[in-house]
Amino acid sequence: MLLTTKQLFQKCYGRYAIPAVNVFFMEEIHGLFAAAQEANAPFIVQTTPFARDYAHPDMLLSMIAAAARIYPNVTFAIHMDHGYESHIFEAIETGGYTSVMIDASHDDFEKNVARTREVVARAHAKNMSVEAELGVLAGVEDDLTVDAAHSFYTNPQQVEDFVKATDCDSLAIAVGTSHGAYKFSGGQGLQFHILEEIQKRLPGFPLVLHGGSNVIPEVVERINAAGGNLKTDAKGVQEEEIRKAIPLGVCKINIATDTRLLWTMVNREFFRDKPDEFAPTTPGKIFMEEYKKFMLKKFDLFGCTNKAGDFSLVDA
């Protein structure tokens, strides 16, 4: 069942969160859809402009459509993450997505509003949801890099005016998360006083956490033991922080770094232990199974296991 993110958030708000997972290639899509069908959990599959440039939009959307046929008992949305107008307007016109994100967070408030409002007008005309962003996250994601000096938290005093002016359907906020594998090296964690104030000003409105990966220490250690050279002082979003954020209006939590680290771990260990192997399908099968197990744990953590039953064909 293919839905918009707005339809998903109407049912999950304050009860559970929905993982929004970036995908680049077939094995990730198989693992994600297989896990969701087994868990009976709603989810959001999302692509970035970087992924679209890498694989081509037609390839990505065709793989997602194929997965929906292979795993027919899934409830999901298809979202474009961190889009700019050139990508978003193409996606709106060519179809395939049910939700888009306009990332104008680096602009001043008025320009952010103007750019977001234009995207909302075009997307809503096609019955697509729109995620906007207020506040800037530090870190690295795909080809986007923001240093800590240029990041800033979302100002709670601006959120009401922003949502009213843009008519966006959900809002990505900066409350202490960051993109990439080296987040939280300072150990600051989520700023719940900001999140609580935002919810008070936007009661019932869906909020989004970008940079929601955990950066599992065991995975980093295994990568380095197999020849990697990743820093070991990173700390992602902790499980107790996720549980605390959901009742405060966080409906969508983005995951990208954790799945990349998982891919790296599987492939480094495989070729370390089997140096005579060269077929990509063997580590690919291992990765798909590890990915599935990873996502099953995320569905449980976010509280969305067995929540696909909240939705019916009437919603679609």
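Is His124 buried or exposed, or something in between? His124 comes out partly exposed, at a relative accessible area of 28%, where buried means under 20%, exposed over 50% and partly exposed in between (1.4 Å probe, protein chains only). Keep in mind that this is a predicted model, where local features need pLDDT of at least 70, side-chain atom pairs count only at pLDDT 80 or more, and totals for chains, interfaces and linings use all residues. Residues are numbered from 1 along each chain as its sequence is written, and side-chain values use heavy atoms, with hydrogens and water left out.

**Around His124**
- His124 sits in helix H6 (residues 109-125); helices (H or I, at least four residues) and strands (E, at least two) are DSSP runs, numbered from the N terminus.
- Setting aside neighbours within four places in sequence, His124 contacts Val130, Asp167 and Asp169, a contact being heavy atoms within 4.5 Å.
- From His124 to Ala34 it's 90 residues in sequence and 31 Å in space, C-alpha to C-alpha.

- Not counting residues up to four places away in sequence, Phe33 touches Phe43, Ile64, Ala67, Ala68, Tyr71, Val74 and Phe76.
- Met26, Ile29, His30 and Phe33 from H2 meet Met63, Ile64, Ala67, Ala68 and Ile70 from H4.
- Sorted by class, that H2 contact with H4 has 8 nonpolar, 1 polar and no charged residues; here Ala, Val, Leu, Ile, Met, Phe, Trp, Tyr, Cys and Pro count as nonpolar, Asp, Glu, Lys and Arg as charged, and the others, Gly among them, as polar.

**Helix H5**
- In helix H5 (residues 85-94), the buried residues are Glu85, His87, Ile88, Phe89, Ala91 and Ile92.
- Their cover includes helix H3 (49-55), strand E3 (76-83), strand E4 (99-102) and H6.
- After H5 comes Gly95, with a positive phi near 85 degrees.

**Cysteines**
- The disulfide count is 0, taking a disulfide as a pair of cysteine sulfur atoms within 2.5 Å.
- Cys12 is in no disulfide, and its nearest cysteine sulfur, that of Cys251, is 3.9 Å away.
- Cys12 is buried, at 0% relative accessibility.
- Cys304 is also buried, with a relative accessible area of 0%, and its sulfur is too far for a bond because the closest cysteine sulfur, in Cys12, is 8.7 Å away.
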